[in-house]
Amino acid sequence: MPSLDPEPRTMDPVAVVFRTRLFWRLFASYVAIPALVACALGFLAANRLRAVRYEALQRSLYEESRLIYSLIAEDLKAKRPEHARQKLAALCSCVGCRLTLIDDEGHVIADSEADPSTMENHRLRPEIVQAAAEGEGSSIRFSHTLQEQMLYLAHRAEEPDAGIVYMRLAIPLAQVTTGLRIFDASIAAGVVAAVLLAALASAWLAWRQAATVLELGRTAQAVAAGDLNARTFLHGGEAGVLGVALNTLAQSLAESKAQAARARDELLGILESMSEGVIVTDHERRIVLANATAATMLDFSSSQVSGKMLWEVIRETQVLQEAESAANSATRKLVRCGPIRGRFVGVTISPLSRQQGALGLLLVAHDTTEAVQFQELRKEFVANVSHELRTPLTLIKGFVETLHDGALHDPQKGPEYLTIIEKHVAQLTNLVNDLLELSRLESRPSVPHRARISLVDLIRKVADLMQPAAQKKRQALSIMLPPVLPVVSGDADYLERAVSNLLDNAIKYTPENGSIRVSAEAVNSKIVIEVADNGIGIPPADLPRIFERFYRVDKSRSREMGGTGLGLAIVKHIAQVHGGSVEVESQQGKGSVFRVVLPVA
């Protein structure tokens, strides 16, 4: 039997009730078997002893019957029935039995208790019939003469002169059973004593077993509830082996849980750091896992998502339909949806392993906004290039045909048409040059040949070059520069191109008699070059796209001024290859301010 601490843990009322109930169940099962065995053995022993005692009593009475017959045999031979009757009466008081002598015809010859003449014929009495056939006979029945249950025993005797006679003894059954009850009482006392001893042993064993089961159950419940530090304190015996196994199981579960927690944390960390949104569902379309990126892309709250149905979280009908289709057909599906919060999303739906006849799903969401925008920009770029090339080429072709038709020799129209052709050829040349320059800038992550550049001298040089164009429109071009600026590392030609493009735009889109200011200053290890004007300004809706290729606020006016639509795009890329950026502020009708921010070398 395993040893237990007296009270290893504080027992709550529920545990006390459980232990009590378990004790009574175990006690009943333990005590039932020995009690039944003891009762069965006592019953068998009592029956056997009663049978032995009864047989011994019968043999004794048969012997007494033969002895009594031998005492009256001479009277029967001498035909003296009265003498025989008197002897029977005398012997009856000695042996304590009723004595009856019956002839072969069933007539009572003599009886110790009654007058033979008043008695019925006894030939058909069961004991007489049995004695006639076997020599001895017995029966238990009610005596109408004595009005009580009697035990009758008879034996057959045969004398040459007297013929066949039957000697019968009758003894009250109560007298016989009185002795047997003494044996029954002794056996019953023994059975009760055995049952009491078995009950005491069963109570002790049941109480110990209940404590063992309670300790094991309490530890198992604690482990099942998540307390993997719970241990049992059983030692020795089968219960001790079970306790060691339970402790080992709890330790193994604790290690497995810690390992699973680490793996889950690693998985969650990976999922949260992914740029793709991930959603995992079970076969019932209930969400098992979802990262924050998926919540952002598909526009749902990332809190308390686990356990919800997919249709409760995802509002995109096409995604839900394709999810069911992917599960039913066990094939991967790709869904493009959007815009969602201004973003385009592609969702790849893949079926997972089959559970209970259905498939779980893995949904991976990709942000396709840039791809869609690039596709749109590509289409727009092709359209813009085609348009920009087609217009001047159409004009050139038209004027060339006109010149071929005879206008070349026209002293007035010929030179005029050639001037127009020259103008559009120059525009095409500028467009091609700008495209080539922009392509070179986009293909370079940084400036290939760097040098230390003084921006004060560079800005003054560009301003001097642009001064004639400003004076032609009677515009005031002012320069506000500090005496010294930190040098920057970069390509002087590129930076001159950026500043000249900004000044050229300012001159073009500022009315006559307007003012333009170019300045530069050092701010927090950066140099900010600013070109401001009081021109026509840019509408707020156009500001986000102002640096796109071929984007013009007023397309017809830009073409008339000879613009290619690539100037600001070139400025942006020049700033980026120098590790800087470009910004714009503008109010329609009040002017614009462009800033190029460059890092100090």
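The model is predicted: local features need pLDDT of at least 70, side-chain atom pairs count only at pLDDT 80 or more, and totals for chains, interfaces and linings use all residues. Residues are numbered from 1 along each chain as its sequence is written, and side-chain values use heavy atoms, with hydrogens and water left out.

The protein has 14 helices and 17 strands. These are DSSP runs, numbered from the N terminus (helices: H or I, at least four residues; strands: E, at least two). Of the 601 residues, 40% count as buried (under 20% relative accessible area; exposed is over 50%, partly exposed in between; 1.4 Å probe, protein chains only). Contact means heavy atoms within 4.5 Å. Among contacts between residues at least 6 apart in sequence, 57% join residues at least 24 apart.

An open sheet is built from five strands in the order β12-β14-β15-β17-β16, with mixed pairing. Two strands pair if DSSP finds at least two bridges between them. The edges are β12 (476-480) and β16 (581-587), each pairing on one side only. Neighbouring strands are turned by 15 degrees against each other on average, direction ignored. Axes are lines fitted to C-alpha atoms, for helices over the stretch in contact; angles run from 0 to 180 degrees between N-to-C directions.

Strands β15 and β17 run antiparallel and are joined by eight bridges. I527 has L598 of β17 as its bridge partner. The hairpin of β16 and β17 has three residues between the strands, and G589 takes a positive phi near 85 degrees. In a regular strand the side chains alternate between the two faces of the sheet. In β16, V582, V584 and S586 form the covered face, while S581, E583, E585 and Q587 form the uncovered one.

Two helices lie across β12, β14, β15 and β17. Helix α11 (residues 455-472) runs at about 175 degrees to β12. Helix α12 (residues 492-508) runs at about 25 degrees to β15. The two helices pack at an angle of about 35 degrees, with their axes 10 Å apart. Their crossing is right-handed (the near helix is turned clockwise from the far one by less than a right angle; anticlockwise is left-handed). Residues of α11 in this contact include L455, L458, V462 and M466; those of α12 include L495, V499, L503 and I507.

Helix α12 also meets α14 (residues 567-577). Their axes come within 9 Å and cross at roughly 145 degrees. This crossing is left-handed. Among the residues involved are Y494, A498 and L502 in α12, and L568, V571 and I574 in α14.

The structure holds one aromatic pair. The ring centres of F547 and F594 are 6.2 Å apart and the planes stand at 85 degrees, so the pair is edge-to-face. Rings of Phe, Tyr and Trp (its six-membered ring) pair if their centres lie within 6.5 Å; planes under 30 degrees apart count as stacked, over 60 as edge-to-face and the rest as tilted. F547 lies in the loop between β15 (526-533) and α13 (555-560), and F594 in β17 (residues 591-599), so the pair ties together parts 47 residues apart in sequence. F547 is buried at 12% relative accessible area, and F594 is buried at 8%.

The charged end of R141 sits over the ring of Y152, 4.1 Å from its centre (NZ of Lys or CZ of Arg within 6 Å of the ring centre and within 35 degrees of the ring normal).
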